[in-house]
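Hello,

Here is the structure I promised to pass on to you. Please have a look at it first, and then read on for what turned up.

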Amino acid sequence: MLHPPAMGGKTAWGVSRDTVQHGTDDPEEIRRLKEAQGSFNQREDDRLHRLREMEKNAHQIVEERRQRKSSFDPMQVSKRGDVDAFRKQQEEALLKMQEMKEQKRAEKRQKRLAEKGGKPKKEKKSKKDKKKKDKKKDKKKDKKKKKEKKKKGKKRKKSSSSSSSSSSSSSSDSSSDSTSSSSSSS
């Protein structure tokens, strides 16, 4: 009975195959399978032999490792190259990839537009131009907010004065006059 490797059985490269051959099988394939199984068995025997040798020399191996561990100095470990240079190289590679991606997108857009018969759009501008546009947009937003605040202030004044004139009761007139005078003074 064949067992999987987890149960102590042997298979070529961890894949179980039927070793039973039929008359319709390819003889060349059978020969290759036998050679592969033979080389696997040879490697397995070599590995087991090395393990037995290590068991015989276990005491010596442990002593060597203790000596290496005691003489190890972490400050002597050299860095593998300059970290900053590596970082720059990676950033440059990422930027190139991004530029190529943008180019492909632009080409696809132009191709689609050409198929539809439309005019090709202008290519996107660089990041610097985008930053400038963002700054301009922020300034415009700030101006709009200031205008809205001014309009709200004017609306309050108008609404408070109109409410005082439209009130019919005298008590509401006096209360609205006091609110309009306080809002107009501010």
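Predicted model: local features only at pLDDT ≥ 70, side-chain atom pairs only at ≥ 80, totals over all residues.

The mean pLDDT of the protein chain is 76, with 61% of its residues at 70 or more. Among the elements of the chain, α2 has the highest mean pLDDT, at 93, while helix α5 (residues 170-185) has the lowest, at 49. Residues 165-176 have a pLDDT below 50, and in the model this stretch makes five contacts beyond its near neighbours in sequence.

Now to the charged side chains. How many salt bridges does the structure hold? The count comes to six.

Two of them can be found in helix α1, which covers residues 27-56. In one, Arg47 pairs with Glu44, with 3.0 Å from N to O. These two residues sit three apart in the helix, or about one turn. Are they buried or exposed? Arg47 counts as partly exposed because its relative accessibility is 37%. Glu44, in contrast, has a relative accessible area of 17%, so Glu44 is buried, the cut-off for that being under 20%.

The other pair in helix α1 is Lys56 with Glu53, again three residues apart and about one turn of the helix. Their N to O distance is 3.8 Å, and a salt bridge here requires the two atoms to be within 4 Å. Lys56 is exposed, since its relative accessibility reaches 65%. Glu53 has 31% and therefore counts as partly exposed.

Helix α2 (residues 58-70) has a pair of its own, Arg66 and Glu63. The closest N and O atoms of Arg66 and Glu63 are 2.9 Å apart. Why are the two separated by about one helical turn? Because they are three residues apart in helix α2. Arg66 is exposed, with a relative accessible area of 52%, and Glu63 is partly exposed at 30%.

Finally, one group goes beyond a simple pair: Glu28, Arg31 and Glu35 are joined in a network of salt bridges.

Do write back once you have had a look.

Best wishes

Technical notes:
Residues numbered from 1 in each chain as written. Heavy atoms only, no water. Helix = DSSP H or I, 4+ residues; strand = E, 2+ residues; numbered from the N terminus. Buried < 20%, exposed > 50% of the residue type's maximum accessible area, 1.4 Å probe, protein only. pLDDT = per-residue confidence, 0-100. Contact = heavy atoms within 4.5 Å.
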